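Dear colleague,

Please find below the structure that I am handing over to you. My notes on it follow directly after.

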Amino acid sequence: MPLTDTECKKATCPERRPSVRLADEKALYLEVTAAGGKYWRWKYRYGGKEKRLALGVYPDVTLAQAREARDGARKVLAAGDDPGQLRRDAKMASAANQANTFEVVARLWWEHWRDGKSPRHAEYAIRRLESDVFPALGAMPIGAVTAKHLTHMAKAVQGRGAIDLAHRVLQMSGQILRYAVAHDLIERNPAADVKPGDTLKSRRKENYARLGEKELPELLRKIEAYQGGPYTRLAMQLMTLTFVRTTELIAARWAEFDLEAAEWRIPPERMKMKTPHIVPLSPQAVEVVKVLHTLSGGRVLLFPGERDHDKPMSNNTILKALERMGYKGRMTGHGFRGVASTILHEQGYAHHAIELQLAHQERNEVSAAYNHALYLKERRAMMCDWANHLDKLRRGADVIPLAPRVA
């Protein structure tokens with residue numbers, strides 16, 4: 001006779017016996033132990049062997065629920081599978097999924113991806129993951145990461161004003177998840193459901209022609225030997241050393257410079273973001289500024305116009321000089337910023353230091369002052385290394401990759 005719920009409630013184990021089995025139907029039974037435990041079991045045969053499947057503990061699992069679980073297991077058995085083995089496989093897969101957190105898989109991906117990359121570039125990538133991705137996703141099982149998690153992570157990075165970086169970490173996360181699919185760690189890549197344009201602001205589009213690093217040495221030598229006006233030559237030299245915007249360079253005033261402190265402080269009204277900007281000057285940049293001071297004869301502007309010395313040189317002066325040197329359509333004044341950003345990132349310099357030096361972040365006056373005070377030492381070291389790197393490129397010497405310094 002099938003069991004009733006009342007019988008299950010009243011069931012006890014006889015004295016001097018370790019357990020007793022109360023049969024239901026279709027090989028389901030309730031095992032009652034001397035300690036008072038009540039366990040649902042289902043007996044079945046697979047591969048010629050008798051086996052048992054645990055279906056839960058009474059009363060947490062009711063009689064009706066135990067029968068439903070038994071019927072499900074019977075269907076699995078009828079399909080030719082061992083329900084006990086399938087359960088063990090599922091538990092193992094779950095345990096593996098818990099062990100394969102996003103960070104664990106990301107580091108496996110990084111070891112695979114870094115092959116063929118420069119050490120500096122590889123180091124930069126793992127630092128970006130450690131700084132921006134792992135705090136949000138690192139502890140999650142790789143199979144639990146969804147498109148929503150990816151979007152929230154990227155938006156948090158964007159919220160700091162680092163729009164390009166938000167796109168970059170979202171792209172890297174997608175590569176990691178694609179790696180997980182390729183290695184049978186997850187079934188599908190949730191990043192495929194995320195279109196950056198739907199959730200993130202557009203990247204800054206700087207459609208300015210610029211050279212690669214291999215072409216930079218020849219350009220530096222041509223600038224040094226430039227036969228045009230001395231102000232133009234010195235403007236190009238100072239731009240390569242500081243990679244400020246063209247408008248910020250040509251309107252520079254002597255009152256903005258402190259050569260003893262080796263700093264150029266551009267006031268907010270001359271900045272795109274309308275916040276003050278400090279440019280640490282390398283010894284090479286200071287030397288260029290000193291030569292300019294000799295030329296200027298006490299004028300207000302570093303780069304006065306050719307006809308009207310009370311106005312800055314034309315915005316197109318540097319562009320025309322580059323064209324005369326044979327770089328029409330290949331390099332612009334703004335291109336020096338892109339070249340510097342690319343090389344410094346590839347050499348492993350901190351993204352925040354490069355972005356601050358480029359004056360990309362939108363900042364209020366308080367945060368601007370804080371960031372400048374916090375990172376000025378780091379940026380000063382970076383700018384000195386950058387100037388030394390340019391010297392080596394110009395001379396054609398063996399170039400040793402830049403070595404980021406600890407602030």
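I begin with Ala54, which counts as partly exposed because its relative accessibility is 36%; here buried means under 20% relative accessible area, exposed means over 50%, and partly exposed lies in between, computed with a 1.4 Å probe on protein chains only. Please note that this is a predicted model, in which local features need pLDDT of at least 70 and side-chain atom pairs count only at pLDDT 80 or more, while totals for chains, interfaces and linings use all residues. Residues are numbered from 1 along each chain as its sequence is written, and side-chain values use heavy atoms, with hydrogens and water left out.

Ala54 belongs to strand β4, residues 49-57. Helices (H or I, at least four residues) and strands (E, at least two) are DSSP runs, numbered from the N terminus. Neighbours within four places in sequence aside, Ala54 is in contact (heavy atoms within 4.5 Å) with Trp40, Arg41 and Arg87. Between the C-alpha atoms of Ala54 and Glu378 there are 62 Å in space, and the two are 324 residues apart in sequence.

Next comes Glu31, found in strand β2, residues 28-33. Is Glu31 buried or exposed? Glu31 has 15% relative accessibility and therefore counts as buried. Its side chain makes a polar contact of 3.5 Å with that of Ser19. A polar contact is a pair of N or O atoms within 3.5 Å; within protein, one must be able to donate a hydrogen and the other to accept it, and residues adjacent in sequence count only if both atoms are side-chain atoms. Not counting residues up to four places away in sequence, the residues that Glu31 touches include Val20, Gly37 and Tyr39.

I turn now to the salt bridges. The structure holds 21 of them, each being a side-chain nitrogen of Lys or Arg within 4 Å of a carboxyl oxygen of Asp or Glu. One of them joins Asp24 and Arg70, whose closest N and O atoms are 3.5 Å apart. This pair links distant parts of the chain, 46 residues apart: Asp24 is in the loop between β1 (19-23) and β2, and Arg70 is in helix α2 (residues 63-78). Both Asp24 and Arg70 are buried.

Another salt bridge connects Glu218 with Lys222, again with closest N and O atoms 3.5 Å apart. Both residues lie in helix α9 (residues 216-224), 4 residues apart, about one turn of the helix. Glu218 counts as partly exposed because its relative accessibility is 43%.

Yours sincerely
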